[in-house]
Amino acid sequence: GLPASGAAAQELQAELNQHLARQPDVPRALVLKARLDARAERFGDAAAAYARALQGRSKAANDAGIWAEYAEAKALAQGGQLAGEPVQLLQKALSIDARHPLALDLAGSAAWEVRDFAKAAMYWKRLLELIPASEPRHAELRTAIQRAEQKARFALPSESAP
């Protein structure tokens, strides 16, 4: 993995910045920069780096994980809201890989955010299939799915509100 913090991370960041100054559009370097920015909670910078990495016909553009990370950074840059562009980025991720765990997780959260509980449950059920039953995340997700399904049963469609 990447060095978490301290001198090693700063050194890597400096090296990366030099590399990007020489070759500003190398997708792999841009993705690495985006991940370092996200880890340092510079979500706006991270989103901008992901956007640059995903331009054109790079390998990154066919990587569902990078689209999902971009969606997450974009959401965090806008105060944690997935509505708007992040949802479009997640759709792109899922069109590349319908079983990408981060994309499914975030798509479920995005649906929950707009009170589309049935859709949230659908995404999270797909995610649940990918997580071993022994992992704590499995039980958490099962609970979230049950809550979403319960809310879906009792939620009135917003269109029918007077």
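**Exercises on a predicted helical model**

In this predicted model, Y70 touches A47, Y50, A51, L54, E85 and L89, leaving aside residues up to four places away in sequence; contact means heavy atoms within 4.5 Å. Residues are numbered from 1 along each chain as its sequence is written, and side-chain values use heavy atoms, without hydrogens and water. Local features need pLDDT of at least 70 and side-chain atom pairs count only at pLDDT 80 or more, whereas totals for chains, interfaces and linings use all residues.

**Exercise 1.** State which residues of the largest nonpolar core touch the most other members.

*Solution.* A nonpolar core is a set of buried Ala, Val, Leu, Ile, Met, Phe, Trp, Tyr and Cys residues joined through side-chain atoms within 4.5 Å, buried being under 20% relative accessible area with a 1.4 Å probe, protein chains only. Among the 40 residues of this core, Y50, Y70, W124 and L141 touch the most other members. Next, the source of the residues: α4 gives the largest share, eight residues.

**Exercise 2.** Describe how helices α5 and α6 pack.

*Solution.* Helices are DSSP runs (H or I, at least four residues), numbered from the N terminus. The axes of α5 (residues 85–96) and α6 (residues 101–113) come within 10 Å and cross at roughly 145 degrees; axes are lines fitted to C-alpha atoms over the stretch in contact, with angles from 0 to 180 degrees between N-to-C directions. On the α5 side, V87, L90, A93 and L94 meet A103, L104, L106, A107 and A110 of α6.

**Exercise 3.** Determine how many helices and strands the protein chain has.

*Solution.* The protein chain has eight helices and zero strands.

Terms used:
Helices (H or I, at least four residues) and strands (E, at least two) are DSSP runs, numbered from the N terminus. Buried means under 20% relative accessible area, exposed over 50%, partly exposed in between (1.4 Å probe, protein chains only).
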